[in-house]
Amino acid sequence: MKPALLLALVVVVVLAASSSLLVGEVGVSPAQAVRAVLAAQPNLTTLVLWDIRLPRTLLALLIGGILGLSGAVLQGLLRNPLAEPGLLGVSSGASFGAVIAIYYGLTSATSLAAPVFGLVGALVTTGAAMALARRGGTLALILAGAAVSAIAAAGVELALNFSPNPYAAYEITTWLMGSLADRSWDHVKLAAPFIVAGGVLLLLTGRGLDALALGEAQAESLGVDVRRLRLLALFGTALGVGAATAVAGAIGFVGLVAPHLMRPLVGHRPGQVLIPAALAGALIVTMADLATRLIHLGPELKLGVLISLIGAPFFLWLVIHVQRRSP
Amino acid sequence: MSGLRLVGVSVKREGRTVLTEASAAFPPGSLTAVIGPNGAGKSTLLAVAAGLLKPHAGALTLDGRPLETFGRQALARRRAYLPQSPRADWPISVERVVALGLTPYLPAFGRLPDELETQVETALRSHDLLALRHRRATELSGGELSRTMLARAVVGDPDLLLVDEPTAGLDPRHALDAAHRLGQRAQAGRTVAMAIHDLHLALRFADQVVALKDGCILAAGPLREVLDEPLLRRLYDMPARLIRDPDGVSVRFLG
Amino acid sequence: MRCGGLDGLKLIVLASLVGALGCSIPRAVARPVRVMSINGCSDQLVLALADPRTIASVTWLSRDPEGSYMWRAAQHVPVNHGSAEEVVRDHPDLVIAGSYTTPATRALLVKLHYRLLVLQPADSFDDIRRETRTVASALGATERGRALIAHMDATLTRLAADKGPPLRVAAWDGAGFSAAPGSLYASILKVAGARNVTAQTQGMGGSTPEVEKLIATAPQLLVAGAPGFEKPGRQTDVAHHPLVRRFWSDRTLVVPLSSYECGTPFSADAALSLREQMRAKLARAQTPLPFAPVSTP
């Protein structure tokens, strides 16, 4: 059952990624793509495929993957189906860090400034939200996340208020909508190491998360170091989602939706859902990014906006569903 | 000295001493009932004994070896612990919940090795769970959940089994069944301890008793020698009478 | 605060008439002694048309060399930050605001019986003529207004006389908006002899053109509005794209905000200077353009 599921997911993700390479301003048919790749001379198609669409598609896969993975890990860790990096304030923390890096000239000093600051911001907010919500369940978690996000959002506004750039407010608003347009190999090089490192940390939590389904006491008794597990989840999420937010802006709900779609397929085991959730996240972001290029409503439809349009109603459904289930 | 031994163990929580210089022995092949009123420190005693809570003072040994010298994994293989009202937070199947008991034997990644699957099979069978193996653990009745959790605890065949309130919330039949299974486990040569309020079950199945009140051990030793009317009176601040009849011994409180 | 029948005409709200319906008919009034501008674009017209001694104050924005064409003249005039409180402090005879001035400020000024002139944004050279005449007549500087418009028209004639081959450019402003059709920026590019190929195919000017669009349309020049290239921000992101660096690093022209933000009689001069800069840039450009442009519907 499981190898078949993984294989099916991988095939779908590869198909989505390939079609993502063919869609855009310049029409490219599969035959043209193959010819262009085989051609000795660089041409318009290779340029578009290699320098524009491939980095964009790779980022969509990486970012979707880390969002789905961190959502699955956080849900398993907090034993709460509503947990998600965005809800814990990761995105707002990362945005705060990135805004400071971008608008106070740090990015011109080193291009690593945005991801590193994003990461630190994510670490601080996630840590605070998780510490606040350790005891108290769903409501405490949502409240703590909302409070921490609000503080980070206030920080973003303060930073913009004093930004030397008069257009900062407009830019950051559109940036926070999330987009992968025009992301190049530079962005891949910047974000990929952090995302991969974060992903590795998150994948290490699998066994522990399975045992944690029985509660902290039983997990500890089964040899799971719950404190270490929490740190892995915290640093993994901050590293991966922090870097993802720093290059693509805030993309919400993927971390919430992806694990939920996959959970029934793996018998609800929190550790088993990690890899499928990562693949589902990659699929969602790749498909959504593809859709933003197919839907022409004038200005670019932002990736984050499109995903939120689908994700927010799902979140609402989930809140009602969870409320009904737990008294 | 085999089995579990506590010598002068003290535990403080938020500045308050919840366990004071507790000394007790949990010999192998016996079921020890940890009894006492609410808030006496029974759960604390079990958590310390399981190595989940660091004592403030005192020493614990398992088979003569200090407990803290066991590695996390090694200890997890030798002792199992079930907290009060254990439950699964996700709708995982019974079979997989039981398999979680083998966590300390698992490689970091990959599937459960085949020989371990056989152990799961054995545990399912011996706990009458074969028919329920695909049911979701979140949808079980109290008795079914209790059996599932017990199977989860013993699937790795640990030397030491510590169970906090195994009969809480169960109807008489299922409570009896749970206590009976723990007794069987002890008869098979393992060290078993349970915190329990139901003195009737304790009297029927336990070999040893540890009586706790306000964090202090009032008495510890073989049940038949230690458990008497004065002890019960001191424990619960109520006159009590032990009634012996052809069906066994029972307790009647005269408060 | 809209007058039904006046349709697009600006409103001169006379203090004496407030209380009726908040609605009045523009008419020639006595020469105002002191004028105050509380909008960056009306600053430009006031500084160009009024005698500096009659200017109570203009906004602090007008002193910024990057954003204000009249920044030199503004150094000798007091500044304000566009608040009603400053209007009360300076107590001018005429307040000139823009249509983007907050409704709250405008309503408050009307309530305080100030004479308020609200300018509409000028997106074309016709708009510029109209706005210039309006301000000139409100200030009693009709002659000066006429002379500036004549100068502008002469420059436009010069531009039209030397058309040259049309330049294919991709242009956006400092905020990262594309130079959308119908904007002043587009009007200036047009008289400067440039065609914004990305905005044309894009339909609406949403943001900076995507790199893929640049590759597909292969414009000869990128015309990027400052201050984005001066202050840290994200407008520069597109210029950092490896492909943009590869093909357009010596084909990128940075134009100051002051040359396209506000429609003034000097906008034709800005267009003339832009054309010269574009031609010079193109003459020096060495990098070949990416392949043949693809025709997009």
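Which residues have the most contacts inside the largest nonpolar core? In this predicted model, the largest nonpolar core has 186 residues, and those with the most contacts inside it are I63(A), A191(A), A244(A), V34(B) and M194(B). Helix α3 of chain A, spanning residues 44-78, gives the most to this core, with 14 residues.

The surroundings of V34(B) can be described in detail. When residues up to four places away in sequence are not counted, V34(B) touches K42(B), L45(B), L46(B), A193(B), M194(B), A195(B), V210(B) and L212(B); among these partners, M194(B) is itself one of the residues with the most contacts inside the largest nonpolar core.

The contact between chains A and B takes 19 residues from chain A and 21 residues from chain B. On the side of chain B that touches chain A, α2 (72-78) and β6 (79-82) of chain B each supply at least two residues, and α2(B) gives the most, with three residues. By class, this side of chain B has 15 nonpolar residues, together with three polar and three charged ones.

In chain C, T287(C) is found in the segment after α12 (267-284). T287(C) is classed as exposed because 12 other C-beta atoms lie within 10 Å, the cut-off for this class being 12 or fewer. Leaving aside neighbours within four places in sequence, T287(C) is in contact with F247(C), S249(C), D250(C) and R251(C). The C-alpha atoms of T287(C) and L108(C), which are 179 residues apart along the chain, are separated by 56 Å.

How values were computed:
Residues numbered from 1 in each chain as written. Chains lettered and ligands numbered in written order. Predicted model: local features only at pLDDT ≥ 70, side-chain atom pairs only at ≥ 80, totals over all residues. Contact = placed C-beta atoms within 7 Å. Helix = DSSP H or I, 4+ residues; strand = E, 2+ residues; numbered from the N terminus. Nonpolar A, V, L, I, M, F, W, Y, C, P; charged D, E, K, R; others polar. Buried ≥ 20, exposed ≤ 12 C-beta atoms within 10 Å, placed from the backbone. Core = buried A, V, L, I, M, F, W, Y, C linked by C-beta atoms within 7 Å.
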